Structure formats: C-alpha cells, structure tokens
Amino acid sequence: MVNQKGSNQSKICYRPIRPSDLDVLERIHGRLFPIRYESTFFQDVVNGRDIVSWGAVDLSRPNGQSDELIGFVTARIVLAKESEIVDLLGYDSAKSDQTLVYVLTLGVVEAYRSLGIGIISRLFCTSILLKSSSNIIDSLICASSPASSLIREVVKYASSIPTCRAVYLHVISFNISAINLYKKMSFKCVRRLQGFYFINGQHYDSFLFVHYVNGGRSPCSPLELLSAIISYMKSGFKAVAAKLCKNEIRKISRWEKCKESHSLVSLSTIPNKRNMAVECNGCEFV
C-alpha cells in the first residue's frame, strides 16, 4: 500500500523498493555516501534478501519520473542476542528468538532536501557536507519531514513483529538536526561511540539511538533499581501497617462486643429492686 503525503507542490509517497529501482538506488547511494557499496548490497535491497526497505517518490514529477526514487531507507532484522546493543536491552535469555531492526541507510536526492527529506545513515555525509555551512545541514530535516515518515515506516514495521524489541541506528555526532529529530520521535540516545566513523582520513564520533517497541526496555540502572527497591519497601510497609491497623480495629470491635455482652449478663443477674422490696415486706408480715 502506498502512503501519499503532500509538501508544497510535490506529492510525496512511500512504497517498498522494487527491482526496477536498482539503477536509481545505486546512483543515489553513490552521490550521497562516501563509501562504495558492493553490488550484492543493492541486489539484496531490491530483492528483499535479508533487508527491508521503503522508497519515497514524487507523483507530481513529469516525463515518466513520478515513480522514480527520490529518497529511501534500508534496514535489517538482527537477533537481539547477537547485536551490539544486547547489553542495552532488558534481554530475557529464555527467549532466544528476540529480534531488533537496525537502520542501515536513509537518504534523499539533493533537489528534495528543501522539502525536509534528509540524509541520516550509518555512514553519513560526503566530505562536501562535512565542510558545508550549518544552514544546509539544518535544512535537511524538520519535524514534519518525509525523513521522519520513512523512519515511522520502519518503526511501524518493527512493531508488527511480535519478537522485535527495538529499532536502533547510528548518527554522526555533529548532525544536530538528525539528533533532535530522533529525540522527537521517542528514540533514546544510549551511547556515544568514539571514532566510529572514518571519513576522508578523519575520525568522527557516533551516537547510538534506540527506539523500544513491543514492551522492549533498557535494563534498570543502579539508581532505577534502588528506586524500585525503595518503592517496593514503602508499599510493603504500607500493606503491613494497614493489616496491623485492621487487626487492631477487629480487636477493639471484639472487646466492645465482649464488654457489651458482659454488661447484659451482669444486669440480668441483679434482682429487681421492686421484687426484693415485696419479698422483704412479705417476710415482715409473716
């Protein structure tokens, strides 16, 4: 099913990437990213071999280009126990089938960046973008951008897999716009990786972002664990106190009933003063 969204005069839609997209997909990757992917990667993408993908197209483009890719996102399903973030999950070793979705690449052709479709990928930016002015990078992504729509497609897909616990990805440390976008989309920055990227002879740090789905969560930190213990103890004390109070009320109630019963028995054993007087009088006249 194709999702259609408009931006200015463009009619941006999202659909799965198909074999007919192979040439355009290779060309866009070649323009956007500073490494050269092997042809097997693109074959796996367009044929859906261990890689899931979505493409963005502009239905308003003329000359038969309305179905040509202008943006894309690729991702892969990985086993949680074999991933680099297994220590960041509340992982249940008894459930060995738990999975994750890792975002590989996300990009857009230059002509559509003004619409907010950005480049956010595992290997981010060409050397030109690395040295370009900040206003270009800032204009790449906005809150209502098709980039966010592509990411939502990935999150929605991950949520549809019962065994999936999270979506995760890497962002180069200076890409503030992408970092803010992911935060707005409920991704959590869980780790900074020193020198993760090596581009044109220079190292760059990466932030690792995670979006939990289907009840997935991070392990409790020592502070969270302490807070949980304190909260549990407080609730336990309250329960004990309530039980003791209830027992005391029962004791008091029983005591009152016992006292009342004793009073009734005592009263019933006291002779009637009037009868006593009659009896006494009777004795006197005898």
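## Exercises on a predicted model

Strand β2 (residues 10–15) has five of its six residues buried, so the rest of the structure largely encloses it. Buried means under 20% relative accessible area, exposed over 50%, and partly exposed in between (1.4 Å probe, protein chains only). Strands (E, at least two residues) and helices (H or I, at least four) are DSSP runs, numbered from the N terminus.

This is a predicted model: local features need pLDDT of at least 70, side-chain atom pairs count only at pLDDT 80 or more, and totals for chains, interfaces and linings use all residues. Residues are numbered from 1 along each chain as its sequence is written, and side-chain values use heavy atoms, with hydrogens and water left out.

**Exercise 1.** Find the strand that is joined to β2 and give its direction.

*Solution.* Step 1: four bridges join β2 to strand β3 (residues 52–58); two strands pair if DSSP finds at least two bridges between them. Step 2: β2 and β3 run antiparallel. Step 3: within this pairing, isoleucine 12 stands opposite aspartate 58 in β3.

**Exercise 2.** Describe the largest nonpolar core and the surroundings of phenylalanine 187.

*Solution.* Step 1: a nonpolar core is a set of buried Ala, Val, Leu, Ile, Met, Phe, Trp, Tyr and Cys residues joined through side-chain atoms within 4.5 Å. Step 2: the largest has 61 residues, and Tyr182 and Phe187 have the most contacts inside it. Step 3: strand β5 (residues 99–108) gives the most to this core, with seven residues. Step 4: a contact means heavy atoms within 4.5 Å. Not counting residues up to four places away in sequence, phenylalanine 187 touches Ile151, Val155, Val167, Leu169, Tyr182, Phe209, Val210 and His211.

**Exercise 3.** Which contacts does glycine 195 make, leaving aside its neighbours within four places in sequence?

*Solution.* Step 1: glycine 195 lies in strand β7 (residues 188–199). Step 2: its contacts are His203, Tyr204 and Asp205. Step 3: its relative accessibility is 30%, so glycine 195 counts as partly exposed.
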